[in-house]
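Subject: Structure for you to look at

Hello,

Here is the structure I said I would pass on. My notes follow below it.

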Amino acid sequence: MAPKGGTCCFLLILACAALAKPPDGNPEDISRILMKKCLKNGYPEPKMLPITLFENCDSAKADLESMVSGSSNKDPQVDVMINKKCLLATIKQMRNSSMASSCHMQAILASISWEMLTKQSENMTSEEYDTLLGASKPALGMKLPSYVGEGQNLKKLLDMLKETFVGMSEDQTTQVVKWEKEQIMEKYFNCTTRPAADQRSSLMERCNPKRKWLDLDTLNMMGPYIAKLAPKDVDSAPKEELCEFFRLRKFKVATNMVSNMNPSLGRKFLKRFQECFGTNEFSKNVDKLGILACHVSNAPDLDPDLSQKLLSELDSCDDGNPKIKQMKKRLVKAVFSNATDIRGLQKLGKSVAFLTSSDLSKISKADLKDIVTNLGSSVQWTRAQMRAIGKKLQDKKCNKSMSGQDLLALKSVAEGLPSCAFKHVKEILNDTEGMKNIAQRMRKGQRMAMLQELLGDVAPSLLVQKLSGRLLSSLPLSTLVEANIVSLDQVGDKTWSRSQAAFLAKKILNGNKFWYRVKKLRSVMQGITCEMIDDVSDSDTGDMGQAVTEDPQWLSKRQAGCAARKLFASLEKERADYFKTITEEEMKNISTCLLLRLPPSKVEDLPDSVCPTLLYKIEEADLSSLPQRSLSRPAFTERALRCLANGTDLSMLTEEDVSRLGPFLCELSPAQLKLMRGPLMAPEVLKSSLRAMASCQQIPRRHVADLVQLVNETFGDPSNWSAETMEELGALVLLDDNKISTLPNKPWLKDVLYFLKSKLKHTSKALGKKIFDLTTTASNAARKKRAAEQVTAEMIEELGMNNVYWSVEQLDGMSDQTFLATVETLGDVSDYNADQLAVLKSKIDKNLVPEITESEVKQLGCLTRGFSSEDLETLPFPLDTLEETANCGWNESQMESVWKGASKYNNLTVKQLKAADMVMLSRFICGLDSTEIRQLNIDAFKDAVGSVGSVACSYSKSQELKRLAVSAFGNPNSWDEAHVSELGNIAAGLNATEFASLNSSVFSFISKPCIALIPPRIFASLNVDQLLSLGPDNAAMVTSGQQAEMTDEQLAAVERAATGSTDQEQRTDHSGAPSMSAEGISAFMMPLLFLLMGLLLL
């Protein structure tokens, strides 16, 4: 039925979201966060909001309609009681609307319903409570009530919290567990665990630490949150009741949605599990383990059926811990040995990925194809496995053609297929998703081979429409030129590479001063230049600022800086002291992403009156787009602390205060943390702050040494820590390489280090060496009473890339049997030193000569780097797998030999190389001599240049490739942003004159790796404008050698570029005050906001 009555602009909802009060869990704050989730999850902002949602609130409806027409002057900012009837009726109306059109409204209703539940639960019926609780679901975990009324309400709330477990952050689940424990203790045990300072704790006696509160009812009520308990909490579980919980599979069911459990808690629960079943019964009950299977250190010997059951339990375990991988391999071997047909193999499920390449080759072709097809993308095969499967299913020369449908079925192993297998890809061109999935696991050369097949038969304009994902981003610029795209509407919401985005931005948007109004910018935003941003009129900078930050993942640090400077300059034209006198409403109008670029002096001058809004923006900020060395980082950190302290000493801050720093918590200096450690501050506040900082993915390097020292002072020497403390704070210790090496070899340490490693984006060599020491020391200690080789196959498989730490003597003592069993694993390591390679080469000579086959070359991988230049020329290198060994640390002489060997083995000459061949050569294209580079086909080079530009050759070879690029694309003075981005490292071959001819705007489009490849003297020829235009990411890549050749003025320019504080003069040929962006509508729509809140809070 069509909606009756008038409609209200959705800006009303957005205004509600933009209202910023102190982020203490107010409904407006929660609504804003939830609506951002709506947008992130793909739910568009509805253009209109039906008034019929409020048809049961007649007076409110009348007020809203008159408000929209502009005839109402009613001030709804009144302190009112919640109108349950209106709210409940609105919730029922919402149930009949689609999620896509109502997500934003549901966000508002969730926050308001939650507010009612936490304040008015005693004055409602059970049915009303259930209705409001259901509507509150999106807000659960963001704010938890101190009191929930009768016990039945608590159970309902706990049940609802179980349903929201998966979407919660680690911090939220920690808070929920703490809250649940408090509530359960008070409601069912009539005691409290709250801090003594909490006034509510004075009304109850303190809980006895030995109380057995984790009984069967509590375990059932907490559900998945038991996976976030402290290990000591498990001691509070009565033995019989916990055993029953295990026996009835309730533990497995409760933790079914849990992705990980801290090692110390896992070991504690596992110990209790083993006590329940005993040694004899444990094996028979492995199917009840659930997530505890991930913490079994030594699985007993099991028959094939029990091995299959334990494998199923291990399905969800993180394979990042080699112990899990080794256990899976052993169990798979047991099951595979008993599999007599396809049904037996299918029982392995995803664990089939732990079969060896040799095992896979033994499976019949039909069964193997069936397994690969059924498992699809759920399995991540290794390269060796994909090669084995590809060899089994498609011969190298493709004597029997593979249809398009066959190719789709084998998409998960596409990397192992020969390039000739893609001849019939045109058959599946209309299957956009299928094509995208196939390309996901392909090598670059394969993707180019596929594109070349398609370009031979399909018009570029049609190809652009059909392709997506990695295939689309691999499409040469020359093809985009032929496609003649004149509007973004022609290609929809596609994801383009940076060079493609730059091409499209210039072709479609350049010259259009209102480019920011174009819909579907998305990834094309990558190609917007600072000149285009500067061309926006001052009156439209607000709209521009909103447009460029709508999809922040496509916004570079350089672009964000330019947009911010443009916006700030226009605002200060409106009022010279704009930021000294800024109001809360004006601050809300500025995107957080841009506000973070405010210069330090202006940050310091911000008035105290905007602290509530500033703290809200700081708490929700994403710092990934802010330069690491930005001076605004410490400035905002300091300003936020001043806001929180509110004129008092930092030692007065509470845990809740510090949590409001959000990501800026990671920016706190040790000096600031020490100020918080004053006599008035509870010790737990500093401790909780340091625990929270252990989750930081990035901490300023200048803070690390003092921060680790502060951790030592606060928690003691890490050498004396328990496993639980190491899990909580170990990530901070891992920042200090010296501390890592001194950690004691405790039995639990290796598991904890793997646990911490899984949470880190970057790990150090010191951590790898420590894991190596723990692995080899433990293994050797177990064999100290018998003479045995130190290097075993099991250790090599477990160590993976850490095999680089074996000494020459240890490698020399490795048995031939171990070497042959692990040669592929050893061949994956790219950074062996010369002495290690020499020993490993002797193993190869002893076991694989006199004639090494193509298959063996693939297995050897990076070990081939140990061959002499003469031997490399004779090895059978297949062209389509050279990419796999390209990053093994080859020197130029070796690359020349590999190229000679590959060209001879594949019967190729330079003139015959097609675009796909050049891409397959990867870094070995640096092995071509100057004459050979000049002989490369220009058209093929133009198609392949996007990939060729990603390799790093010597300067002399880069010069030759640059000359070829000039032949293909014209003189450097004509190169635009798209050309420079596409050419990548080839641009490092430009000479000083050629660099001088480049427009400053292209310098932020030079690839980051290219910067370090430019010879210092040539880099020193860049002028100040060019250096300022590098942008933060490129400026951060400037080497010490390049800096040594630069003048003070140039060094200052690089520093300003690196910190994002370039102060380029803004053009002043436009006038007018900036218009309000979508974030700024809250000031204009504030009366509407309060009316909506009034509707539901009357």
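Leu521 is buried, with a relative accessible area of 9%. Please keep in mind that this is a predicted model. Leu521 belongs to the loop that joins helix H26 (498–509) to helix H27 (530–534). Setting aside neighbours within four places in sequence, the contacts of Leu521 are Leu488, Leu509, Trp515 and Tyr516. Lys494 is 27 residues away from Leu521 in sequence, and their C-alpha atoms are 9.5 Å apart.

The chain as a whole

The chain has 1098 residues, and 55% of them are buried. Its secondary structure comes to 62 helices and two strands. If you take the contacts between residues at least 6 apart in sequence, 70% of them join residues at least 24 apart.

Helices H28 and H29

Two packed helices are described by the angle between their axes and the distance between the axes. For helix H28 (residues 541–548) and helix H29 (residues 557–574), the axes come within 9 Å and cross at roughly 155 degrees. Angles over 145 degrees count as roughly antiparallel, and H28 and H29 are therefore roughly antiparallel to each other. The crossing of H28 past H29 is left-handed. On the H28 side, the contact is made by Thr541, Gly542, Met544 and Val548. On the H29 side, Ala563, Lys566, Leu567 and Ser570 take part. By type, the residues of this contact are four nonpolar, three polar and one charged.

Ala569 is also in helix H29. Ala569 has a relative accessible area of 23% and is partly exposed. Between Ala569 and Thr541 there are 9.7 Å from C-alpha to C-alpha, with a separation of 28 residues in sequence.

Helix H41

How many of the nine residues of helix H41 are buried? Eight are, and the helix (residues 749–757) is mostly covered. The buried residues in H41 are Leu749, Lys750, Asp751, Val752, Leu753, Tyr754, Phe755 and Leu756. Note that Lys750 and Asp751 are on that list, and that lysine and aspartate count as charged.

Two positive phi values

Most residues other than glycine have a negative phi. Asn190 has a phi near 55 degrees, which is positive although the residue is not a glycine. Asn190 sits in the loop between helix H8 (170–188) and helix H9 (216–222). Its relative accessibility is 56%, so Asn190 counts as exposed.

Arg249 is the other one, with a phi near 60 degrees, again positive in a residue other than glycine. The loop in this case runs between helix H11 (239–247) and helix H12 (250–254). Is Arg249 buried, partly exposed or exposed? Its relative accessible area is 35%, so Arg249 is partly exposed.

That is what I have for now.

Regards

Terms used
Residues are numbered from 1 along each chain as its sequence is written. This is a predicted model: local features need pLDDT of at least 70, side-chain atom pairs count only at pLDDT 80 or more; totals for chains, interfaces and linings use all residues. Side-chain values use heavy atoms; hydrogens and water are left out. Axes are lines fitted to C-alpha atoms, for helices over the stretch in contact, and angles run from 0 to 180 degrees between N-to-C directions. Helices (H or I, at least four residues) and strands (E, at least two) are DSSP runs, numbered from the N terminus. Angles under 35 degrees count as roughly parallel, over 145 as roughly antiparallel, 65 to 115 as roughly perpendicular and the rest as oblique. A crossing is left-handed if the near helix is turned anticlockwise from the far one by less than a right angle, and right-handed if clockwise. Contact means heavy atoms within 4.5 Å. Buried means under 20% relative accessible area, exposed over 50%, partly exposed in between (1.4 Å probe, protein chains only).
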